[in-house]
Amino acid sequence: MTVKHHLTDDLLMAYSVGDLPEAVNLIVATHISLCDECRAALEAYEALGGAVLDTCDSVALSETSLTSVLDMIHTQDNAIVVNDRSAPAKDSVLPTPLADYVDGGLENVKWRSVGMGVKQAVLNTSSEASARLLYIPAGTAIPDHGHKGMELTLVLQGAFQDEDGYFGRGDIEIASEDVHHTPVADISEDCICLAVTDAPLKFKGLVPRIAQPFLGI
Amino acid sequence: MLMSTTPSTECDPKPVVSGMEMRDSSVRDVGGLKILSNGTQSQIAEWVDELVRVRDQRDEAAFIRVFQHFGPRVKAFLMRTGMDAALAEECAQEVLVTVWNKAHLYDASRASPSTWIFTIARNKKIDVLRKQKRPEPEDLPWGPEAEPDQADVLGLQQESEQLGRALRDLPEKQRELIEKAYFGDLSHSEIAEQTGLPLGTIKSRIRLALDRLRHSLK
């Protein structure tokens with residue numbers, strides 16, 4: 001594991017609390033699948049959640065609650081899947097949380113060309129934020145763009161370079177509102193990224209502005 | 001249904017106590033292995049015992065104790081996140097049913113009982129209040145058959161206790177800040193820095209366990 005660009009503590013804590021839009025949860029869960037350091041940090045925040053649950057007041061359950069719960073476990077007991085930890089066959093590029101959004105694997109992604117050899121596939125999440133897979137041919141530049149909100153980009157295959165550094169598989173770039181950047185896919189391999197935005201991107205320059213409606217971002 | 005035949009604590013009513021109660025002064029059975037913990041055992045270790053009985057023996061008496069201890073806390077937690085009492089009651093019951101149904105996934109080297117139940121309650125909250133599914137990280141490839149290292153189980157318990165103590169010892173305003181973050185009515189910027197909770201120790205222990213695991217899989 002050589003992940004160099006990580007999630008922020010704010011994002012990790014918000015994920016542990018359960019406050020994030022679905023698309024952001026998706027990119028956080030996908031990064032954690034590839035990054036032990038952030039997984040450990042998340043588990044620490046969850047430990048804090050456990051400590052909060054311990055210090056929290058208690059509110060008495062209804063008198064019939066125990067009976068109802070015992071009824072439920074008795075009727076469900078036979079239905080337990082004992083080994084739901086055994087993961088299905090893994091896609092080598094898409095970690096499980098992401099594979100769940102594209103019917104299993106990279107070969108099932110419904111790419112749409114957006115020009116310059118770049119392809120994208122918008123994933124179906126709640127509308128508060130949007131998630132898309134981007135396919136960028138080796139050596140290709142994504143137009144210089146800023147954004148109204150936050151943009152998170154996670155590399156799944158290949159690598160890209162921009163003003164902020166070099167991002168390889170598992171690395172996540174967190175670009176805030178004022179960042180304008182021009183990511184260029186590494187020459188060695190076509191680059192596949194998961195990109196999540198909570199507001200539309202703004203492209204600079206004429207051609208990219210024309211491309212924007214196609215990108216839908 | 002398999003009922004436990006473990007005699008010792010089967011029928012003891014367990015008083016619900018808050019804080020760091022040290023009880024019991026003998027060798028205890030945690031996760032099927034005898035351990036010695038300076039002749040004392042923490043409250044966390046007791047709840048680990050109970051969950052392990054639910055997990056391994058489908059022990060209904062142990063489950064009832066877990067229900068009676070955690071049920072009212074889960075209900076209070078869900079009400080603080082914005083549910084009315086009736087919905088929180090219904091959801092708390094479902095959370096406890098999930099505890100029973102998913103007990104086979106409980107791993108004492110990775111989460112204290114409170115932490116594990118917190119994650120189930122949180123997922124219930126997202127499900128009900130946000131009406132969303134929650135993408136979860138890929139599971140690590142350690143199956144239920146892999147017996148966790150008892151040193152890790154104990155270490156995590158000690159660090160969870162340390163964290164719980166640190167949380168309780170915080171000035172009230174800071175503690176409220178954190179509670180609010182977990183109830184979802186506060187943005188969370190800088191809370192960790194401001195309060196200096198010992199998250200680092202837990203993080204490094206889990207990190208170590210992950211490293212060891214990856215190494216053993218090579």
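Glu46(A) and Arg122(B) pair up across the chain boundary in a salt bridge, with 2.8 Å between the closest N and O atoms; the term covers a side-chain nitrogen of Lys or Arg within 4 Å of a carboxyl oxygen of Asp or Glu. Between chain B and chain A the count is three salt bridges. Helices H2 (60-80), H3 (85-101), H4 (113-130), H5 (150-169), H6 (172-183), H7 (191-195) and H8 (199-217) of chain B each put at least two residues into the side of chain B that touches chain A. H2(B) gives the most to that side, with 14 residues. By residue type, the side of chain B that touches chain A splits into 35 nonpolar, 13 polar and 21 charged, where Ala, Val, Leu, Ile, Met, Phe, Trp, Tyr, Cys and Pro count as nonpolar, Asp, Glu, Lys and Arg as charged, and the others, Gly among them, as polar.

This is a predicted model, so to speak of local features takes pLDDT of at least 70 and to count side-chain atom pairs takes pLDDT 80 or more, while totals for chains, interfaces and linings use all residues. Residues are numbered from 1 along each chain as its sequence is written, chains are lettered from A and ligands numbered from 1 in the order in which they are written, and side-chain values use heavy atoms, with hydrogens and water left out.

Back at the interface, 69 residues of chain B are in contact with 67 residues of chain A, contact being heavy atoms within 4.5 Å. The two chains bury about 6500 Å² between them, 60% of it on carbon and sulfur atoms; buried area here is the accessible area (1.4 Å probe) that two parts lose on being put together, summed over both. There are also 21 residue pairs in polar contact between chain B and chain A, both residues at pLDDT 80 or more. A polar contact is a pair of N or O atoms within 3.5 Å; within protein, one must be able to donate a hydrogen and the other to accept it, and residues adjacent in sequence count only if both atoms are side-chain atoms.

As for the folds, chain A comes to six helices and 11 strands, while chain B has eight helices and two strands. Helices (H or I, at least four residues) and strands (E, at least two) are DSSP runs, numbered from the N terminus. Along the sequence, chain B reads β-β-α-α-α-α-α-α-α-α. Buried residues make up 57% of the 217 residues in chain A and 53% of the 218 residues in chain B; buried means under 20% relative accessible area, exposed over 50%, and partly exposed in between (1.4 Å probe, protein chains only). Among contacts between residues at least 6 apart in sequence, 66% join residues at least 24 apart in chain A, and 63% do in chain B.

Over all chains, the structure holds 11 salt bridges. Within helix H1 (residues 43-57) of chain B, Arg53(B) and Glu50(B) sit three residues apart, about one turn of the helix, and form a salt bridge with the closest N and O atoms 2.9 Å apart. Glu50(B) also meets Arg65(B) in a salt bridge (2.6 Å, N to O). That pair links distant parts of the chain, from Glu50(B) in helix H1 to Arg65(B) in helix H2, 15 residues apart. Glu50(B) is buried at a relative accessible area of 0%, and Arg65(B) counts as buried at 9%. A further salt bridge joins Asp56(B) and Arg55(B) (2.7 Å, N to O); Asp56(B) is partly exposed at 43%, whereas Arg55(B) counts as buried at 19%. Through shared partners, salt bridges join Glu50(B), Arg53(B) and Arg65(B) into one network.

Disulfides are a different story. With the cut-off set at a pair of cysteine sulfur atoms within 2.5 Å, the count over all chains comes to zero. The sulfur of Cys193(A) is 3.5 Å from the closest cysteine sulfur, in Cys191(A), too far for a bond. Cys193(A) is buried, with a relative accessible area of 1%.

Two loop residues have a positive phi without being glycine. For Asp103(A) the angle is about 55 degrees; Asp103(A) lies in the loop between helix H5 (96-99) and strand E1 (112-113) of chain A and is exposed at 57%. For Lys131(B) the angle is about 50 degrees, and Lys131(B), in the loop between H4 and H5 of chain B, is exposed at 69%.
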